[in-house]
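Please look at the following model together with its sequence.

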Amino acid sequence: MKLLALSLAFLASTVSAFAVPVDLGSTAGYTPYDAYMRPVKRVLSTTPNQRASLDRATELMREGRAFRYVHSDPYNPLTPTETAARRAGDCKDKALWLCDQLRDSNARFVIGKMKRSSTISHAWVMWQTEGRWFVLDCTLNWRPIPMEQVVKGDYVPLYSYAKNGTYRHAATSLTLASTTNGVANAVANR
């Protein structure tokens, strides 16, 4: 029995040693998306300092996943009220609706890449509860995904917005290195 317990403890420590750390980013004074993030900043700034349960997040993801996918403006998210009334929206609309419904100050609105090789951006929510981080993407999933289960190269954050600030993530340096447009480099490096 002791051998089994020791083996399980070793296995658990080995798995956690190889787990990819969560990229929480570093504080950013500016992002290239700021001109479009007024609705996001408004929702997040009014989020109460309370915590949602994992059950509540799962329930909300199912509701948001049932919304029709309708691509709207590529940059400006609809307000959560508009998304709820339409029961439709694109990834940024659904992510902002989810932030609003969670009412949890540990939620972040994320702009990034679904896959590192993607040529278009994607939006989702990064959320912490019970000491763990989760991806909440009700555009593509029915339930929260623990960050330690996210495949490396998937859900690559570039910028995130939270109640307490704006963040630039590590992948922005990779994106900037592959960008040939000097203006984009200058804007993103601010």
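The discussion below concerns a predicted model.

Colleague: Are helix α2 and helix α5 roughly parallel or roughly antiparallel to each other?
Modeller: In this predicted model, the axes of α2 (residues 38–45) and α5 (residues 91–102) come within 9 Å and cross at roughly 15°. Angles under 35 degrees count as roughly parallel. The two helices α2 and α5 are therefore roughly parallel.

Colleague: Which hand does the crossing of α2 and α5 have?
Modeller: The two axes cross at roughly 15°. As α2 passes α5, the crossing is left-handed.

Colleague: How do the residues of the contact of α2 with α5 divide, and how many are charged?
Modeller: From α2, Pro-39, Val-40, Val-43 and Leu-44 take part, and they meet Leu-96, Cys-99 and Asp-100 of α5. The residues of this contact divide into six nonpolar, no polar and, as for charged residues, one.

Colleague: Which strands are the edge strands of the open sheet?
Modeller: The open sheet is formed by seven strands in the order β1-β9-β8-β4-β5-β6-β7, with antiparallel pairing. An edge strand pairs on one side only, and this holds for β1 (26–27) and β7 (145–146).

Colleague: At about what angle does α5 run to β5?
Modeller: Helix α5 lies across β4 (107–115), β5 (122–129) and β6. Relative to β5, α5 runs at about 25°.

Definitions and conventions
Residues numbered from 1 in each chain as written. Predicted model: local features only at pLDDT ≥ 70, side-chain atom pairs only at ≥ 80, totals over all residues. Heavy atoms only, no water. Axes fitted to C-alpha atoms, helices over the stretch in contact; angles between N-to-C directions. Helix = DSSP H or I, 4+ residues; strand = E, 2+ residues; numbered from the N terminus. Parallel < 35°, antiparallel > 145°, perpendicular 65-115°, else oblique. Left-handed = near helix turned anticlockwise from the far one by under 90°. Contact = heavy atoms within 4.5 Å. Nonpolar A, V, L, I, M, F, W, Y, C, P; charged D, E, K, R; others polar. Pairing = 2+ DSSP bridges.
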